[in-house]
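Colleague: I would like to learn how to read a model of this kind feature by feature. Could we take the general idea in each case, and then the example?

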Amino acid sequence: MLIYGAGGHAKIIISLLMDSGASVKAIFDDDPAKRIFEGIAVIGSYDPDLHMNEALILAIGDNASRAQLAAKIGHRFANVFHHSSLINRNAHFGSGNVILHRAVIQTDTIIGNHCIINTGAIVEHECKISDFVHIAPGSVLCGNVTVGECTLIGAGSVVVPNVVIGKNCLIGAGSVVTKNIPDGAIIRGNPARIIKQTHYGKKNLALATAYGRDGNDLHSTGL
Ligand SMILES: CC(=O)SCCNC(=O)CCNC(=O)[C@H](O)C(C)(C)COP(=O)(O)OP(=O)(O)OC[C@H]1O[C@@H](n2cnc3c(N)ncnc32)[C@H](O)[C@@H]1OP(=O)(O)O
């Protein structure tokens, strides 16, 4: 397995892989100062010709960064599941997803590509989770919830049944989401209210990677 990223999220994925007996051949990271990470060689920026037969996982917590990088990767992507996760046999996955400790994914749920279903998160029946979504630790998505591309469901949040959350949204930690949420909204609270409406929801996914630029500082909002 190849890992892209050498931060906190990568640490969790590497320990998961090692605990399950998988070997990590190399780590890519764009920071030239990183040489060794978790005892494994960091070999610099992405090289499509290296270990071409290995699968790669984008081990980066930031959704927009994963979206930006995914388009540049030539390796095939793997799904990574912790052995304690409970995955219904009728759940469906794309590739590049990371399902962490004690996460639960229920029947007829569809998970796209490069999503993170973090520690102890519950995704109930018939949910539809688009690409590059992060369901943070301890969150609960009730039945038939839809989550759009690149949205973060903050830690410990609850989304009630049948709600549709747009793309590029940021759901604050501990939110209780009771109504549909438009693209690009930042919300928090119980019941959750919009605290900021960004313009990113109106742009395509590539432009969504501009998070953090032109004065719209999503990186400083607790991510
Ligand atoms: C493994 C992992 O770690 S996965 C991590 C996943 N990440 C998360 O779950 C974090 C999600 N992000 C958040 O919850 C953020 O706090 C946000 C986006 C809701 C708000 O960020 P900011 O706009 O930067 O808020 P800021 O920190 O400036 O706080 C502004 C006010 O909102 C309050 N506030 C911040 N976050 C929340 C929240 N989730 N719910 C309720 N109130 C909040 C602050 O206490 C502060 O209140 P005050 O004005 O009375 O002092």
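Colleague: Let me begin with a loop: between which two strands does Asp-108 lie?

Modeller: Two conventions come before the answer. Residues are numbered from 1 along each chain as its sequence is written. The model is a predicted one, in which local features need pLDDT of at least 70 and side-chain atom pairs count only at pLDDT 80 or more, while totals for chains, interfaces and linings use all residues. Helices (H or I, at least four residues) and strands (E, at least two) are DSSP runs, numbered from the N terminus. Asp-108 lies in the loop between strand 10 (104–105) and strand 11, and Asp-108 has a positive phi of about 60 degrees although it is not a glycine.

Colleague: Is Asp-108 to be read as buried, exposed or partly exposed?

Modeller: The general idea is a neighbour count: a residue is buried if 20 or more other C-beta atoms lie within 10 Å of its own, exposed if 12 or fewer, and partly exposed in between, with C-beta atoms placed from the backbone. Asp-108 counts as partly exposed because it has 15 C-beta neighbours inside 10 Å. His-51, in the loop between strand 4 and strand 5, also has a positive phi, near 45 degrees, and is partly exposed with 14 other C-beta atoms within 10 Å.

Colleague: Why does His-199 count as exposed?

Modeller: His-199 counts as exposed because it has 12 C-beta neighbours inside 10 Å. His-199 lies in the loop between strand 24 (193–197) and helix 3 (205–208).

Colleague: How many residues does the largest nonpolar core have?

Modeller: A nonpolar core is a set of buried Ala, Val, Leu, Ile, Met, Phe, Trp, Tyr and Cys residues joined through C-beta atoms within 7 Å. The largest one has 55 residues, and those with the most contacts inside it are Ile-3, Ile-13, Ile-117, Ile-135 and Ile-171. Helix 1 (residues 8–19) gives the largest share of this core, 4 residues. Among the residues that Ile-117 touches, beyond four places in sequence, are Ile-99, Leu-100 and Ile-135.

Colleague: Which residues of helix 1 are buried, and what do they pack against?

Modeller: An α-helix has 3.6 residues a turn, so residues three or four places apart point the same way. In helix 1 the buried residues are His-9, Ala-10, Ile-12, Ile-13 and Ile-14. These buried residues pack against strand 1 (2–4), strand 4 (40–41), strand 5 (56–58), strand 6 (80–81) and strand 9 (98–99). Helix 1 has 12 residues and reaches 17 Å from its first C-alpha to its last, close to the 16 Å expected at 1.5 Å a residue, where the expected span is 1.5 Å times one less than the number of residues. Gly-21, with a positive phi near 85 degrees, follows helix 1.

Colleague: What is the strand order in the open sheet of 5 strands?

Modeller: Two strands pair if DSSP finds at least two bridges between them. The order of this open sheet is 8-11-14-17-20, with parallel pairing. Strand 8 (92–93) and strand 20 (164–165) stand at the edges, each with a single partner strand, so one side of each is left without a neighbour in the sheet. Strand 8 runs parallel to strand 11 (residues 110–111), joined to it by 2 bridges, and the bridge partner of Phe-93 in strand 11 is Ile-111.

Colleague: In which sense do strand 23 and strand 24 pair, parallel or antiparallel?

Modeller: Strand 23 and strand 24 pair in the antiparallel sense over 4 bridges, with Ile-186 opposite Lys-196 in strand 24. The two strands form a hairpin with 4 residues between them, and Gly-189 in the turn has a positive phi of about 100 degrees. Pro-191 is found in the loop between strand 23 and strand 24, and the peptide bond from Asn-190 to Pro-191 is cis, with omega near -5 degrees.

Conventions. Two residues are in contact if their C-beta atoms, placed from the backbone, lie within 7 Å.
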